[in-house]
Amino acid sequence: MAARSTSHSASSFLLIVSLAVLVIFTGNSSAKLSTNFYSKSCPKVFSTVQSVVHSAISKQPRQGASLLRLHFHDCFVNGCDGSVLLDDTPTFTGEKTAGPNKGSIRGFEVVDEIKSKVEKECPGVVSCADILAIAARDSVKILGGPKWDVKLGRRDSKTASLKAANRAHTIGQARCTVFRDRIYKDKNIDSSFAKTRQNTCPKTTGLPGDNKIAPLDLQTPTAFDNYYYKNLIKQKGLLRSDQQLFNGGSTDSLVKKYSKDTKTFYSDFVNAMIKMGDIQPLTGSSGEIRKNCRKVNH
């Protein structure tokens, strides 16, 4: 079971990388965020977050991918505002039970621990949305990837959107119903890879086969690397949308470049993460600084 979980985490990491890189070409920078936002109000925020993240990854390497995925899911549903962290209440339905999130996103306990320790250092100062951004950066660095200066100053939302979260892309694993046609009908797929996936995804529709899941790649590293792109070149993309990135189209050259040039891949990834972090942040007097990342203050 541990091997499967690790594989899913690695897969999600690589898919997030792929999608995040594409963000480079869209979106506007937020001038209200800055890398030194907490330099006076909470100078120990970076060391505090890093300490908890490092400990969590040491105990369970998959936590790195989980924390990066949380930041991704947060930003792509109405902006980077910490909404993904809110628990359901009797009168409020958050984003955790959305289709793409349910059973897929984790790491909430790590965020809770970070928030608790940051609150002891500087109560009511650092937002949960910013904690996600810092934790994502630290996760990438700890797992061997690049480091960058995180722009901060986001505030937390007072609401969430289950509807918007249900429109987000499922990351990390896919159900048999999603990739069945690809492994049985497509020509641009490695035959041995297709056969491996066919072993757990029957050709006939219906339960329980429809609910069988598979990782988005066959690798099981807990390191940050460019294997996702190498798999695409070998025609081992599980989803048609994945393989479409390397299928004789305009993105072929980018996939080839990233598969061979780690330096360029890292550079573009950093730019993408910064761009993603700029998506619709709440600043100034908008939103709030949650005391508990799982619930609004009032």
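Is Cys293 buried or exposed? At 2% relative accessibility, Cys293 is buried, a term for under 20% relative accessible area, with exposed meaning over 50% and partly exposed in between (1.4 Å probe, protein chains only). The model is predicted: local features need pLDDT of at least 70, side-chain atom pairs count only at pLDDT 80 or more, and totals for chains, interfaces and linings use all residues. Residues are numbered from 1 along each chain as its sequence is written, and side-chain values use heavy atoms, with hydrogens and water left out.

**Disulfides**

- The whole structure holds four disulfides, each defined as a pair of cysteine sulfur atoms within 2.5 Å.
- Cys128 and Cys293 are joined with an S to S distance of 2.1 Å, and this link is left-handed, with -95 degrees about the S-S bond.
- Cys128 lies in helix 5 (residues 128-142) and Cys293 in the segment after helix 12 (262-277), so the pair ties together parts 165 residues apart in sequence; helices here are DSSP runs (H or I, at least four residues), numbered from the N terminus.
- Cys128 is buried as well, at 0% relative accessibility.
- Cys75 is bonded to Cys80 (S to S 2.0 Å); the torsion about their S-S bond is about 115 degrees, so this disulfide is right-handed.
- Cys176 is linked to Cys201 (S to S 1.8 Å), and both cysteines are buried.

**Annotated site**

- The unreviewed UniProt entry places the feature "active site" at His73; UniProt positions follow the numbering used here, feature names are shortened, and annotations may be inferred rather than shown by experiment.
- His73 is in helix 3 (residues 63-75) and is buried, with a relative accessible area of 4%.

Key: Helices (H or I, at least four residues) and strands (E, at least two) are DSSP runs, numbered from the N terminus.
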